[in-house]
Amino acid sequence: MTDIKGFCDPRFAAVRDALAALLDKDDEGASATVYLDGEPVADVWGGYTDVDRSLGWERDTLTCVNSTTKNMVALCALMLADRGELDLSAPVAAYWPEFAAAGKENVLVRHVLSHTAGLPDLSGPTAVEDLYAWDGVTAALAAQAPAWEPGTAAGYHALTFGYLVGEIVRRVTGRGLGAFFAEEVAGPLGADFHIGLSADHDHRVAPLIPPQGLTDAYAAAAPAAPDGTRREGTGPTIRVKDANSVAWRRAQIPAVNGFGNARSVALVQSVLANQGSAGGVRLLSPEGCEPAWQEVFRGDDRVLGTPMSWTVGFGRFGNTFGWGGWGGSLVVSDPAARMTVAYTMNQMIGREDGQEDNRGMEIVMAAYDGLS
């Protein structure tokens, strides 16, 4: 059995065992963390950062968590709303006047956060390199017409979510999303999570490993629409080699290019599960957390091609909320239990190829064993 490092409260030993089983089977390197009442009760890691298994996964290893980053972006918006600086029910154009173009004057902030704004695709950028130009992408989104009447339907805003919320945050605070997160969230909490990674952290990064049998040219396929047709022309194709590039690390693509580990992801998100505070640091009021699990939309998601429940910034699943990233990372919070569970890894599994990836949920279910 793979050697697992870290600690577990005896009640949560199943989390350590579950991670060990995953590392013995599918994973190269991974970490898993559980926060309860704003404090860690399990924080474990193991395996390797490379396919040659020459470098061990360490306590401070980081990896790109892809769309798990969206949870961090949403938290930033909820903090501003809780402070009274951002009205979730106000038009986006109240903060970003140019956004009113092309029939978007009635798009509300909550529409953007709940994937109901009608802007799931990028009509301008065609290459990954285009994503690195913040002003160009946001200007294109401001000029773009919605694909449906905002608020009437949902469609996962895979890339646009980060630019839309990020530009709102920039207009309100004068700071980019990555800087706001670093100064207002990661700094106070002591969380080792980064939206845009500086060069001094490069040596800690575990590159993503494509699914077995595939190369680093592997890219996520565009999801099918509910009628089964494939969606085309949805923006740049992002490959594993892009997510592993230095340019990707340095950029601001807040929907998808966060770097962290399970400890940092769970720490940050435990704020929402624990009535606004973690580790003695308060970021929101208890009431300010509630939009994270209050349903805004329920129905078929036009992009994912599956029924979804969206809250203000998160996917809702029963009494829990959270979201995961391309390849396998995941964070789930349960406000009733005041528990947050996170899993990060470097070995990707391709859902697009019909492979079931239940690794994150195996960690979550192991955490619930500790509650029973």
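Select Asp334 to begin; this residue lies in strand β13 (residues 330–334), where strands (E, at least two residues) and helices (H or I, at least four) are DSSP runs numbered from the N terminus. The model is predicted, so local features need pLDDT of at least 70 and side-chain atom pairs count only at pLDDT 80 or more, while totals for chains, interfaces and linings use all residues. Residues are numbered from 1 along each chain as its sequence is written, and side-chain values use heavy atoms, with hydrogens and water left out.

**Around Asp334**

Is Asp334 buried or exposed? Asp334 is buried; the term means under 20% relative accessible area, with exposed over 50% and partly exposed in between (1.4 Å probe, protein chains only). Asp334 has no salt bridge, a term that denotes a side-chain nitrogen of Lys or Arg within 4 Å of a carboxyl oxygen of Asp or Glu.

Now display Tyr368, whose side chain is joined to that of Asp334 by a polar contact of 2.6 Å. A polar contact is a pair of N or O atoms within 3.5 Å; within protein, one must be able to donate a hydrogen and the other to accept it, and residues adjacent in sequence count only if both atoms are side-chain atoms. The side chain of Asp334 also reaches the backbone nitrogen of Ala337, at 3.1 Å.

**Salt bridges elsewhere**

Side chains of opposite charge can pair when their charged atoms come close. How many salt bridges does a search of the whole structure find? The search finds 18.

Move to helix α5 (residues 160–173), which holds both Glu167 and Arg171, four residues apart, about one turn of the helix. These two form a salt bridge, with the closest N and O atoms 2.7 Å apart. Glu167 is buried, at a relative accessible area of 1%, whereas Arg171 is partly exposed, at 30%.

Next, select Asp202 and Arg249, a salt bridge whose closest N and O atoms are 3.1 Å apart. This pair links distant parts of the chain, 47 residues apart: Asp202 is in the loop between β5 (194–195) and α7 (240–243), and Arg249 is in helix α8 (residues 246–250). Arg249 is buried, with a relative accessible area of 10%.

Continue to Arg298 and Glu295, whose side chains meet in a salt bridge of 2.9 Å, N to O. Arg298 is exposed, with a relative accessible area of 61%, and Glu295 is partly exposed, with 34%.

Finally, select Arg83, Arg175, Glu183 and Glu184, which are linked in a network of salt bridges.

Methods. Lys and Arg count as positive and Asp and Glu as negative; His and the chain ends are not counted.
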